[in-house]
Amino acid sequence: MTGVNLIDLILSLLLGLMILLFIFRIILTWYPQVDLNRLPFNLVAWPTEPFLVPLRKIVQPIGGVDITPIIWVGILSLLREILLGQQGLLTMMFRV
């Protein structure tokens with residue numbers, strides 16, 4: 001395994017994990033009574049909260065619904081496609 005493949009694999013896993021955590025975070029918003037400071041919910045809340053706090057200052061809840069996790073899923077999916085997709089920047093750069 002070359003260094004290029006290793007970078008591709010790590011970046012793909014990291015972006016995929018973050019997308020999955022944000023999807024779990026979206027599901028947790030359906031249950032407002034859940035305490036995000038208790039296991040296993042803090043395993044989802046802890047890595048995602050630093051991303052959500054600054055965005056919540058820009059995007060206020062719409063009708064009482066926090067849409068910032070949805071925005072992050074879109075941002076991370078776009079970033080993953082731009083970098084690692086079939087025509088992604090890193091994919092095309094490493095093919096040469």
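This briefing covers the core, the aromatic rings, the salt bridges and the surface of one structure. The model is predicted. Its largest nonpolar core has 16 residues. Helices H1, H2 and H3 each supply at least two residues of this core. Ring pairs link Phe22, Phe51 and Trp72 into a cluster. Salt bridges that share partners join Arg25, Glu49, Arg56 and Asp66 into one network.

**The nonpolar core**

- Five residues have the most contacts inside the largest core: Met18, Phe22, Trp72, Val73 and Leu76.
- Helix H1 spans residues 3-28 and helix H2 spans 42-58; both contribute at least two residues to the core.
- Helix H3, which covers residues 68-84, also supplies at least two.
- The largest share comes from H1, with seven residues.
- In soluble globular proteins, nonpolar side chains tend to be buried together.

**The aromatic cluster**

- The model has three aromatic pairs.
- Phe22 and Trp72 form a stacked pair, with 6.1 Å from centre to centre and 10° between the planes.
- This pair links distant parts of the chain: Phe22 sits in helix H1 and Trp72 in helix H3, 50 residues apart.
- Phe22 is buried, because its relative accessible area is 0% and the cut-off for buried is under 20%.
- Trp72 also counts as buried, at 17% relative accessibility.
- Phe51 and Trp72 make an edge-to-face pair, because their planes stand at 70° and angles over 60 degrees count as edge-to-face.
- The ring centres of Phe51 and Trp72 are 5.2 Å apart.
- Phe51 lies in helix H2, so this pair too links distant parts of the chain, with Phe51 and Trp72 21 residues apart.
- Phe51 is partly exposed, with a relative accessible area of 35%.
- Trp72 takes part in both of these pairs, one with Phe22 and one with Phe51.

**The salt-bridge network**

- The count of salt bridges comes to three.
- The side chains of Arg25 and Glu49 meet in a salt bridge, at 2.6 Å from N to O.
- Arg25 lies in helix H1 and Glu49 in helix H2, so their bridge ties together parts that are 24 residues apart in sequence.
- Arg25 counts as buried, at 5% relative accessibility.
- Glu49 is partly exposed, with a relative accessible area of 24%.
- Glu49 also forms a salt bridge with Arg56, where the closest N and O atoms are 2.6 Å apart.
- Arg56 is partly exposed, at a relative accessible area of 25%.
- Arg56 meets Asp66 in a further salt bridge, at 3.0 Å from N to O.

**The surface**

- A nonpolar surface patch of about 680 Å² is made by Leu17, Leu20, Ile23, Phe24, Ile27, Trp30 and Tyr31.
- Ile23, one of the patch residues, has its place in helix H1.
- Ile23 counts as partly exposed, at 36% relative accessibility.
- Gly74 is in helix H3.
- Gly74 is partly exposed, because its relative accessible area of 40% falls between the limits of 20% and 50%.
- Gly74 and Leu28 are 46 residues apart along the chain, and their C-alpha atoms are separated by 18 Å.

Conventions:
Residues are numbered from 1 along each chain as its sequence is written. This is a predicted model: local features need pLDDT of at least 70, side-chain atom pairs count only at pLDDT 80 or more; totals for chains, interfaces and linings use all residues. Side-chain values use heavy atoms; hydrogens and water are left out. Helices (H or I, at least four residues) and strands (E, at least two) are DSSP runs, numbered from the N terminus. Buried means under 20% relative accessible area, exposed over 50%, partly exposed in between (1.4 Å probe, protein chains only). A nonpolar core is a set of buried Ala, Val, Leu, Ile, Met, Phe, Trp, Tyr and Cys residues joined through side-chain atoms within 4.5 Å. Patches are made of residues with over 30% relative accessible area and no salt bridge: like charges are joined within 9 Å, nonpolar side chains (Val, Leu, Ile, Met, Phe, Trp, Tyr) within 5 Å. Accessible areas come from the Shrake-Rupley method with a 1.4 Å probe; for residues, only the protein chains shown count as cover. A salt bridge is a side-chain nitrogen of Lys or Arg within 4 Å of a carboxyl oxygen of Asp or Glu. Rings of Phe, Tyr and Trp (its six-membered ring) pair if their centres lie within 6.5 Å; planes under 30 degrees apart count as stacked, over 60 as edge-to-face and the rest as tilted.
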